[in-house]
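Hello,

Here is the structure we spoke about. Please look through it, then read my notes below.

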Amino acid sequence: MATAIVGIGILSVMQLYTACTQQNRAAIGITTATFLAEDIQETMAGLAFSDPAYGKTYFGPEPGQTLASYDDIDDFDSTGSPSNFFNPPIDSTRQPIASLSDYAQVVSVWPVYPNQLTANSNLSSPDMPQTTYTGAARVTVRILHRRAAGLAWSEVYRTSWIRVAE
């Protein structure tokens with residue numbers, strides 16, 4: 001009888017250990033995703049709202065621009081340009097983090113009205129075109145993860161903030 005009780009106790013401890021390991025792995029994934037989203041926010045913090053040279057002429061990267069020369073927030077938008085799907089993800093200095101190639105950062109920049117911040121919250125049916133200048137924009141960063149190369153991406157984290165023209 002004592003052996004059965006001890007056996008059940010050990011089995012319960014093993015199940016608890018497995019559950020804790022899975023939760024720990026999930027927590028590490030969420031923490032990593034949070035840091036990757038913060039890296040995008042830090043990168044964009046010092047950038048102009050509109051392009052310093054072209055003003056509001058272009059939405060997205062200007063001709064010839066690369067990640068290193070992005071100089072305004074809409075340059076990071078990946079809605080119309082899959083090249084802004086950052087995989088491997090980038091850090092706050094715009095350097096790729098090769099060791100995290102199972103993660104990706106997807107950035108979208110959409111105009112909102114300064115007095116109506118819920119505008120363009122449904123991007124499948126936007127209230128106004130993405131190229132509309134309102135003096136305010138919602139920046140959304142989605143962090144995607146896949147368990148192995150070739151598998152489908154799944155969203156693990158999403159955050160957004162409002163950026164207003166200087």
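**Salt bridges and the first helix**

The structure holds two salt bridges. One caution: this is a predicted model.

Glutamate 155 takes part in a salt bridge with arginine 142, at 2.7 Å from N to O. This pair ties together distant parts of the chain. Glutamate 155 lies in strand β4 (residues 154–164), and arginine 142 lies in strand β3 (residues 136–145). The two are 13 residues apart.

Glutamate 155 also forms a salt bridge with arginine 158. Here the closest N and O atoms are 2.8 Å apart. Shared partners therefore join Arg142, Glu155 and Arg158 into one network.

How accessible are the partners? Glutamate 155 has a relative accessible area of 36%. That lies between the 20% and 50% cut-offs, so glutamate 155 counts as partly exposed. Arginine 142 has 27% relative accessibility and is partly exposed too.

Now the helix. Helix α1 covers residues 2–45, 44 residues in total. From its first C-alpha to its last, α1 reaches 64 Å. That is close to the 64 Å expected at 1.5 Å a residue.

Which residues of α1 are buried? They are Gly29, Thr32, Ala33, Leu36, Ala37, Asp39, Ile40, Thr43 and Met44. In an α-helix there are 3.6 residues a turn, so residues three or four places apart point the same way. The cover over the buried residues of α1 includes β1 (85–86), β2 (103–111), β3 and β4. Strands β3 and β4 also hold arginine 142 and glutamate 155, respectively.

Best wishes

How values were computed: Residues numbered from 1 in each chain as written. Predicted model: local features only at pLDDT ≥ 70, side-chain atom pairs only at ≥ 80, totals over all residues. Heavy atoms only, no water. Salt bridge = Lys/Arg side-chain N within 4 Å of Asp/Glu carboxyl O. Helix = DSSP H or I, 4+ residues; strand = E, 2+ residues; numbered from the N terminus. Buried < 20%, exposed > 50% of the residue type's maximum accessible area, 1.4 Å probe, protein only. Expected span 1.5 Å × (residues − 1). Contact = heavy atoms within 4.5 Å.
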